[in-house]
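Here's a quick briefing to read with the model open on your screen. Have the viewer ready and click along as you go.

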Amino acid sequence: MGKIRVGIIGTGSISEMHFEAYKNHKDVEIAAICDLNEDRVIEQAKKHHVDKYFTDYNDLLKLEDIEAVSICTWNNSHAEIAIAAFKAGKHVLVEKPLCRTLEEAKSMEKEIINNRNQVFQVGFVRRHGTSVKVLKKFIDAGSLGEIYYAKASYLRALGNPGGWFADKERSGGGPLIDLGVHVIDLSWYLMGKPKVKSVSGNTYQRLGNRSNIENKSFYKAADYHADQNSVEDMVSAMIRFDNGASIMVDASFSLHAKRDSGELKVFGDKGGAEIDPSLHLTTEENDTILNITPNIDQMSFTMQDGFQNEINHFISCIKGEEETVAPFTDGVEIMKILDAIYRSSQTGKEVYFD
């Protein structure tokens, strides 16, 4: 088999991780790229030495020698482009979240059928961190017993990126769909993906993007505008599952907190584990509590490690060597949870599932 020729659709900030990971893979050639912004796509084509570039993703999908695509666009275009790419016979890796709304996810279900010859992978990059893969082995071996509770938090004190991230029409929401999705998915994945039973959530829009703050820098999207913000500042939620397990989660773009912080802990009836900020396990033996620190190179999640592992896995799935650990159906389930959190906040009531 020759090199797998891939196309990258969307050349914003997250695409850089895809570019670098593909370039580091010996069996891949980046053959074409696409972005609505003509100046940016030309700049990226020159930077990454890609000969073919487009402003219309349909033109890229017409290229018969393109076997796979990474979709790194605004959330509101994920469903449309993913459906078109799948229908064009391409293997698809779509950045998280799967799409913008549950309705879009359901429309994708009607169009994307199971096809053993095509890979559809959702970009849940946290699943691919080395520390997560190590912990998953412990969990799968029964070392922690049944995981019945997770506590996940991803808080930015000052971190509204603005641009499309802060535009609900394009993003679908704020820190929940941008940051919370990572820790909700990872908690659910480590729990063994139980069926969601009910969701109770609250979102807050109290602080805005705090563009008035001086003397402290923060990440800004390429199209940042200080006066644009239609998404929540902060979200908190309780997610319950049919096996009795639960997840407590919160996430923020803006919060009167001392510093940014992130934690993710899972608890089982034989042991517990902390994955953020770094991997640590706790169990007991001979009536004694044991704190265990694995001796591994990547104790914490890093973008480079996670994305390289994710792209490597995607390519292995295309070659038929593995089955994807982040299938389309998982993306739909996570959209159900995100949608329920937003609905619960709007109605002030818990959302139940059959």
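Predicted model: local features only at pLDDT ≥ 70, side-chain atom pairs only at ≥ 80, totals over all residues.

Residues are numbered from 1 along each chain as its sequence is written, and side-chain values use heavy atoms, with hydrogens and water left out. Helices (H or I, at least four residues) and strands (E, at least two) are DSSP runs, numbered from the N terminus.

**Helix packing**

- Two packed helices are described by the angle between their axes and the distance between the axes.
- Here, axes are lines fitted to C-alpha atoms, for helices over the stretch in contact, and angles run from 0 to 180 degrees between N-to-C directions.
- Start with helix α1 (residues 15–23) and helix α9 (residues 303–318): their axes come within 9 Å and cross at roughly 60°.
- That makes α1 and α9 oblique to each other; angles under 35 degrees count as roughly parallel, over 145 as roughly antiparallel, 65 to 115 as roughly perpendicular and the rest as oblique.
- On the α1 side, the contact (heavy atoms within 4.5 Å) uses Met-17, His-18, Glu-20, Ala-21 and Tyr-22, and on the α9 side Met-303, Gln-304, Phe-307, Gln-308, Ile-311, Phe-314 and Ile-315.
- Sorted by class, the α1 and α9 contact has eight nonpolar, three polar and one charged residues; Ala, Val, Leu, Ile, Met, Phe, Trp, Tyr, Cys and Pro count as nonpolar, Asp, Glu, Lys and Arg as charged, and the others, Gly among them, as polar.
- α1 also meets helix α2 (residues 38–48), with axes that come within 12 Å and cross at roughly 25°, so α1 and α2 are roughly parallel to each other.
- The crossing of α1 and α2 is right-handed.
- Glu-16, Phe-19, Glu-20 and Lys-23 of α1 touch Gln-44, Lys-47 and His-48 of α2, and this contact splits into one nonpolar, two polar and four charged residues.

**Nonpolar cores**

- In soluble globular proteins, nonpolar side chains tend to be buried together.
- A nonpolar core is a set of buried Ala, Val, Leu, Ile, Met, Phe, Trp, Tyr and Cys residues joined through side-chain atoms within 4.5 Å.
- Buried means under 20% relative accessible area, exposed over 50%, and partly exposed in between (1.4 Å probe, protein chains only).
- The largest nonpolar core has 74 residues, and Leu-98, Met-108, Phe-120 and Ile-239 touch the most other members.
- Leaving out residues up to four places away in sequence, Met-108 touches Ala-79, Ala-82, Ile-83, Leu-98, Cys-99, Phe-120 and Phe-328.
- Another core, of 21 residues, lies apart from the largest one and includes Ile-8, Ala-45, Cys-72 and Val-119.

**A mostly covered helix**

- How many of the 10 residues of helix α4 (residues 78–87) are buried? Seven are, and α4 is mostly covered.
- The buried ones in α4 are His-78, Ala-79, Ile-81, Ala-82, Ile-83, Ala-85 and Phe-86.
- Their cover includes β1 (4–9), α3 (57–61), β4 (68–71), β5, α5 and β6 (120–123).
- Just after α4, Gly-89 has a positive phi of about 85°.

- Lys-96 and Pro-97 are joined by a cis peptide bond, with omega about -10°; Pro-97 sits in the loop between β5 (91–95) and α5 (102–111).
- Asp-276 and Pro-277 are also joined by a cis peptide bond, with omega about 5°, and Pro-277 is in the loop between β12 (271–276) and β13 (280–285).
- Arg-210 has a positive phi of about 55° although it is not a glycine, and it lies in the loop between β8 (196–204) and β9 (234–241).
- Is Arg-210 buried or exposed? At 15% relative accessibility, Arg-210 counts as buried.
- Asn-215, not a glycine, has a positive phi of about 70°; Asn-215 lies in the loop between β8 and β9 and counts as exposed at 83% relative accessibility.

Terms used. Left-handed = near helix turned anticlockwise from the far one by under 90°.
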